[in-house]
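The following note sets out some points for a colleague who is examining this structure.

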There are 2 protein chains.
Amino acid sequence: MSEQTNSNKIPEPALRRLPWYLSYVKLLNTQGEKFVSSTQIAKKIDVSASQIAKDLSFVNISGKTRVGYDINELIDVLEIFLGFKKLHTAVVFGVGSLGAALLSDSGLEQYGLKIIAGFDVNKSVVNTKTHQIPVYHSSEFLELNNELKADIGILTVPSGVAQEVSDYMIRCGVEGIWNFTPFRIRVPEGIVLQNTSLYAHLAVMFNRLDQ
Amino acid sequence: MSEQTNSNKIPEPALRRLPWYLSYVKLLNTQGEKFVSSTQIAKKIDVSASQIAKDLSFVNISGKTRVGYDINELIDVLEIFLGFKKLHTAVVFGVGSLGAALLSDSGLEQYGLKIIAGFDVNKSVVNTKTHQIPVYHSSEFLELNNELKADIGILTVPSGVAQEVSDYMIRCGVEGIWNFTPFRIRVPEGIVLQNTSLYAHLAVMFNRLDQ
């Protein structure tokens, strides 16, 4: 029962497509469907049936001839594989507008991410709470993380200090950095880095819209 | 003076890299630097100097031999090219935790996105304000958008209604959809679609962390 047997091999693009399948089969589930084939998924999602079957081969499920995948099983297996069923803890560095917004997005918890604290150097937010989540001075993290033991550091500081703050969070023990700044930070080997620059996505939209 | 002369040709991956360069040269600017070469940028960012030079060839700037690009000029030209200097208007459909978080992220405005209204069907949020931004009933958008004339519809509804709400926003006149749901929506030709699934990014982190 090792759901992650093949996970070493799953390439990031495949991994990123799995949530699309999950989202669609959850919808089918609410509509009372019991089975789904990769061909059916392909019809709704802009990915070929063979690619879908290949992507799903990384998770521990096998479809049945003619009927396809058992939807309940597929949802379970995908949620476990994607880590949504296990709660990971995170801290947010930089409680400006985006950081505070993330602190108030309780929806992340449904997907397995629990934000347990915020950190900032700005006196106006240090020692306050945002949506019940305490905000501390950044310098306190080194000591606090002995107890907090946060898995992930969310980076929403100004670009100019992004690298420095990322280095600090890693020194304090986080194993993954979720970088929301447009700055390309570097992390040592063994540390997981995920970049989500909303501004880069905006730039793509604007460029396409303005043509 | 047409900054977007070549923009028809810029591929999305190049476009997504431009904000990284912008972010870095803005940092250099605050440090008092005047010129920067693609080699210098390459040293700080995980992209080759030749790729950087190629990416920058899409924007209207030319480097000078030996000294490189004028930093002030590069910042200006990139901000214009990326659409950050022109204010685009957006509405948010689905004022749940993520939608409300986006309404409260005033930082987006610095990057050229002004959120002017929220829409929802939930009585507990309709006719309220979130960070001074009014929230209306979704059904009112068709009429309201005659005046609002929003460029972009931000989609933060439950996955099950993502396609339907996207279709509705397009019928009401938006030209771009920024999809934050994990659902793969489809849009007609001519409509700009940008997918930003935070959950897909989370899934990648979790999978890498849990190995």
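Predicted model: local features only at pLDDT ≥ 70, side-chain atom pairs only at ≥ 80, totals over all residues.

1. Chain A contains nine helices and nine strands. Its C-alpha atoms occupy a box of roughly 60 × 50 × 35 Å along the principal axes. Of the 211 residues in chain A, 55% are buried. Where contacts in chain A link residues at least 6 apart in sequence, 56% of them join residues at least 24 apart.

2. Relation of the two chains.

3. Extent of the interface. The size of an interface is often given as the accessible area lost when the parts come together. Here chain A and chain B bury about 6,200 Å² between them, and 64% of that area is on carbon and sulfur atoms. Three residues, A:Arg184, A:His201 and A:Met205, supply 12% of the area that chain A buries against chain B, which is more than any other three residues. In terms of contacts, 65 residues of chain A meet 65 residues of chain B.

4. Two salt bridges are counted between chain A and chain B. A:Lys86 forms a salt bridge with B:Asp210, in which the closest N and O atoms are 3.4 Å apart.

5. Which elements build the side of chain A that touches chain B? Helices H1, H2, H5, H6 and H9 and strands S8 and S9 of chain A each supply at least two residues. Helix H9 of chain A gives the most, with 12 residues. By class, this side of chain A has 33 nonpolar, 20 polar and 12 charged residues.

6. Helix H4 of chain B. This helix covers residues 71-81, and its buried residues include B:Ile71, B:Leu74, B:Ile75, B:Leu78 and B:Glu79. An α-helix has 3.6 residues a turn, so residues three or four places apart point the same way. The cover over the buried residues of H4(B) includes H9 of chain A, together with helix H1, strand S1, helix H3 and strand S2 of chain B. At the start of H4(B), a side-chain oxygen of B:Asp70 reaches to within 3.0 Å of the backbone nitrogen of B:Asn72. After H4(B) comes B:Gly83, with a positive phi near 80°.

7. Helix H8 of chain B. Within residues 162-171, the buried positions are B:Ala162, B:Val165, B:Ser166, B:Tyr168, B:Met169 and B:Ile170. These residues pack against strand S3, helix H7, strand S7 and strand S8 of chain B. H8(B) is followed by B:Gly173, whose phi is positive, near 115°.

Conventions:
Residues numbered from 1 in each chain as written. Chains lettered and ligands numbered in written order. Heavy atoms only, no water. Buried < 20%, exposed > 50% of the residue type's maximum accessible area, 1.4 Å probe, protein only. Helix = DSSP H or I, 4+ residues; strand = E, 2+ residues; numbered from the N terminus. Contact = heavy atoms within 4.5 Å. Buried area = accessible area lost by both parts, 1.4 Å probe. Salt bridge = Lys/Arg side-chain N within 4 Å of Asp/Glu carboxyl O. Nonpolar A, V, L, I, M, F, W, Y, C, P; charged D, E, K, R; others polar. Polar contact = N/O pair within 3.5 Å; in protein donor to acceptor, adjacent residues only side chain to side chain.
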